[in-house]
Amino acid sequence: MKEKEATRINKFLSEMGYCSRRAADKLIDQGRVTINGKVPEMGTKITLDDEVRVDGELISEPQEKPVYIAFNKPIGIVCTTDTRVEKDNIIDFINYPSRIFPIGRLDKPSEGLILLTNDGDIVNKILRARNKHQKEYIVTVDRPITKAFLEKMANGVPILDRVTRKCEIEQIDKFQFRIILTQGLNRQIRRMCEYLGYNVTALKRIRIMNIQLDVPVGKWRYLSEKELSEINEMISDSTKTHHK
């Protein structure tokens with residue numbers, strides 16, 4: 001095969017719908033991926049002539065059509081595809097008949113909307129933070145909400161060596177607020193609240209981009225063609241340059 005047809009192993013696993021590129025890098029680092037029987041280095045390129053296996057399982061062209069699922073994750077379920085380590089994982093809970101994986105994360109103590117798919121390309125585009133895709137949450141805290149708290153949350157809070165991006169926030173009642181984020185830092189809302197002296201007692205994600213949470217806890221549904229079309233329109237510039 002020609003050199004230009006070679007693909008990085010993490011990109012290959014993503015395009016095959018096996019997992020995201022980031023998850024692929026972890027598998028490679030853990031020595032769970034082989035190319036022609038040998039454990040590759042990070043960034044190794046392959047062609048269609050190479051035999052790729054993960055945990056000894058041959059990775060081949062997916063026969064199924066792309067799957068896109070909206071799931072209402074219960075509290076206590078972990079957003080991982082590593083079913084060997086985590087017994088309360090999202091994959092076993094849903095028990096879908098073919099391989100799917102979550103787009104992004106939702107903490108174990110949190111509940112609400114998470115999307116799952118076997119389409120690695122859409123995952124990479126949605127996860128690009130610079131695209132500023134909205135995620136909406138309902139949050140309950142342990143102290144009465146003040147005007148100062150709302151203003152600070154909206155204008156940015158220093159966590160994880162950076163200041164969070166400005167966001168929309170609206171008080172619902174004494175202890176509850178609605179917040180719309182356009183970035184996905186680790187445990188972002190909980191860390192923001194903790195910095196301001198509040199503890200989150202309940203957190204539910206009710207929207208991702210154009211997808212609303214509309215199924216009971218623990219249930220899932222397929223995305224509609226209209227929803228998929230809207231998502232593809234939103235991420236159409238995901239591979240383009242930063243300037244707008």
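A hairpin joins strand β12 to strand β13 through four residues, in a model that is predicted rather than determined by experiment. Strand β12 covers residues 168-171 and strand β13 covers residues 176-181, and the two run antiparallel, joined by four bridges. Within this pairing, Ile169 has Ile179 of β13 as its bridge partner.

Another part of the model holds an open sheet of three strands, in the order β2-β4-β5, with antiparallel pairing. Strands β2 (33-35) and β5 (57-58) stand at the edges with a single partner strand each, so one side of each is left without a neighbour in the sheet. Strand β4, made of residues 52-54, is joined to β5 by two bridges and runs antiparallel to it; Val54 is paired there with Glu57 of β5 as its bridge partner. In general, strands of a sheet pair through backbone hydrogen bonds, in either a parallel or an antiparallel manner.

The protein is divided into three domains, whose bounds are listed here.

| Domain | Residues |
|---|---|
| domain 1 | 7-58 |
| domain 2 | 68-129 + 213-235 |
| domain 3 | 134-208 |

The interface of domain 2 and domain 3 can be described in some detail. The C-alpha centres of these two domains lie 22 Å apart, and 12 residues of domain 2 are in contact with 11 residues of domain 3. The area buried between domain 2 and domain 3 is about 970 Å², with carbon and sulfur atoms giving 47% of it.

Which contacts of a polar or charged kind are found across this interface? The count between domain 2 and domain 3 is six residue pairs in polar contact, with both residues at pLDDT 80 or more. By class, the side of domain 2 that touches domain 3 has seven nonpolar, two polar and three charged residues. One salt bridge is found across the interface of domain 2 and domain 3. Asp107 forms a salt bridge with Arg190, in which the closest N and O atoms are 3.8 Å apart, a distance to be read against the 4 Å limit used for a salt bridge.

Gly76 itself lies in the loop between β6 (68-73) and α3 (90-94), and, when residues up to four places away in sequence are not counted, Gly76 touches Asp88 and Lys108.

Conventions:
Residues are numbered from 1 along each chain as its sequence is written. This is a predicted model: local features need pLDDT of at least 70, side-chain atom pairs count only at pLDDT 80 or more; totals for chains, interfaces and linings use all residues. Side-chain values use heavy atoms; hydrogens and water are left out. Two strands pair if DSSP finds at least two bridges between them. Domain bounds come from an automatic or database domain assignment. Contact means heavy atoms within 4.5 Å. Buried area is the accessible area (1.4 Å probe) that two parts lose on being put together, summed over both. A salt bridge is a side-chain nitrogen of Lys or Arg within 4 Å of a carboxyl oxygen of Asp or Glu. A polar contact is a pair of N or O atoms within 3.5 Å; within protein, one must be able to donate a hydrogen and the other to accept it, and residues adjacent in sequence count only if both atoms are side-chain atoms. Ala, Val, Leu, Ile, Met, Phe, Trp, Tyr, Cys and Pro count as nonpolar, Asp, Glu, Lys and Arg as charged, and the others, Gly among them, as polar.
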